[in-house]
Amino acid sequence: MTRIYLDNASTTPIDHKVLDRMIAVMKDSFGNPSSIHHHGRVSKSIIEDARKKIAYILKASIGEIFFTSSATESINTALKNSVHYLGVKHIISSPTEHHCVFHTLDHLADQYGVTVTYLDVDDKGNPDLTQLETLLHTNPEEKKMVTLMHANNEIGTMLDMKKVGELCQATDTLFQCDTVQSLGKFDINLSETYTSFISGSAHKFHGPKGVGFLYMNMDNIIPPYLHGGAQERNMRAGTENIYGIVGQALALEIAHTEREDHKAHILGLRDHFKQRLTSEFVDIRFNGNQEDHFLYHVLSVSFLSTPKADMLMFNLDISGISASSGSACSSGIASDSHVLTAIGHPSDRKTIRFSFSKYNTLEEIDTVVEKLKSLTPTS
Ligand code: PLP
């Protein structure tokens, strides 16, 4: 059975150009980047080239990019160290953030008494920016931080990052923006958009797993998160994941340079899928923003509940299709995800997130539609 992979918001297959480059570096550049001899200097310059590439794409300074093991690490670093070292007492967020934000905020509230306020969100998952503005002007003595994601991984709704940046800048508030899903898909120009921290994860844009980065605005340099050697200009001790770093930079470069072509291709698949779902099935709904500002590789589809549809994810999987349920499954009991709960998704409907990449084809989409026909009511 040829399998169809439609779970690209979860992770993406590695681009073979990236893999080839990583293997070449693995073979030829084994020196420890901290060593001052030739082998070390070669590895060090490979890392610095990668940093330069990422900084150039983001229009950031080279000294503002720090390599990490994942976006989870980057986000933990930004949030925890802003509380520990930059005097943050109050963090404003939204109930639709990724767990690496959500659970970190719980920890900071429980262990360090940080006040956490979650903005109201509408039924598409857009946070209330008027409420944000009011909160930012309340109690101006209190050091605040805003953490809002640029693009939601489950429903694809996107934030007006520039506007939030302006609100934060005007009130001297730190702004951490989770750009994991949008990097390489949208042009993020940090010379025009105010943020204190953004984070990236290579495996979301056809790079390797286990490597990410943190952008930290020069004004908000925080002390090291990991203590040890002087790697990453003392910010993150530990011998660098040189293969991962090189793979991440090349993957981002390819994604960024070719983004308009990829976007056109993926939007073509998404529109075709939506059109067939709407015209051939009963009572299909789509979660999240569908117009103007949305993550074009994500389509969150809400199906009418039927005995077969209740097992939709499982049935798709055994039919050779990998997608993602909108459910967090704990103790064997599937329940709506925190994102679907926050937007008021009816619990008697079933949501599946399909997410696409440059490698998917129209034929695959048609095959998925045909499989779905045997699993959910058609019109
Ligand atoms: N933020 C968002 C929006 C994500 O989708 C993910 C990954 O699922 C993360 C953060 C965490 O990224 P990583 O896998 O690099 O820890």
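Colleague: In this predicted model, how far does a backbone N or O atom of Ala-71 lie from an oxygen atom of the ligand?
Modeller: Ala-71 is listed among the closest of the 13 residues that surround the ligand. Its backbone contributes an N or O atom whose distance from a ligand oxygen atom is 2.8 Å.

Colleague: Which residue has a side-chain N or O atom 2.9 Å from an oxygen atom of the ligand?
Modeller: Two side chains may be considered here. A polar side-chain atom of Gln-181 lies 2.8 Å from a ligand oxygen atom. The distance of 2.9 Å belongs to His-203.

Colleague: How many charged residues does the shell around the ligand have?
Modeller: The shell includes four nonpolar and seven polar residues. The charged residues number two.

Colleague: Over which residues is the pLDDT below 50?
Modeller: The mean pLDDT of the protein is 94, and 97% of its residues reach 70 or more. The stretch below 50 has two contacts beyond near neighbours in sequence, and comprises residues 329–333.

Technical notes
Residues numbered from 1 in each chain as written. Predicted model: local features only at pLDDT ≥ 70, side-chain atom pairs only at ≥ 80, totals over all residues. Heavy atoms only, no water. Near = heavy atom within 4 Å. Polar contact = N/O pair within 3.5 Å; in protein donor to acceptor, adjacent residues only side chain to side chain. Nonpolar A, V, L, I, M, F, W, Y, C, P; charged D, E, K, R; others polar. pLDDT = per-residue confidence, 0-100. Contact = heavy atoms within 4.5 Å.
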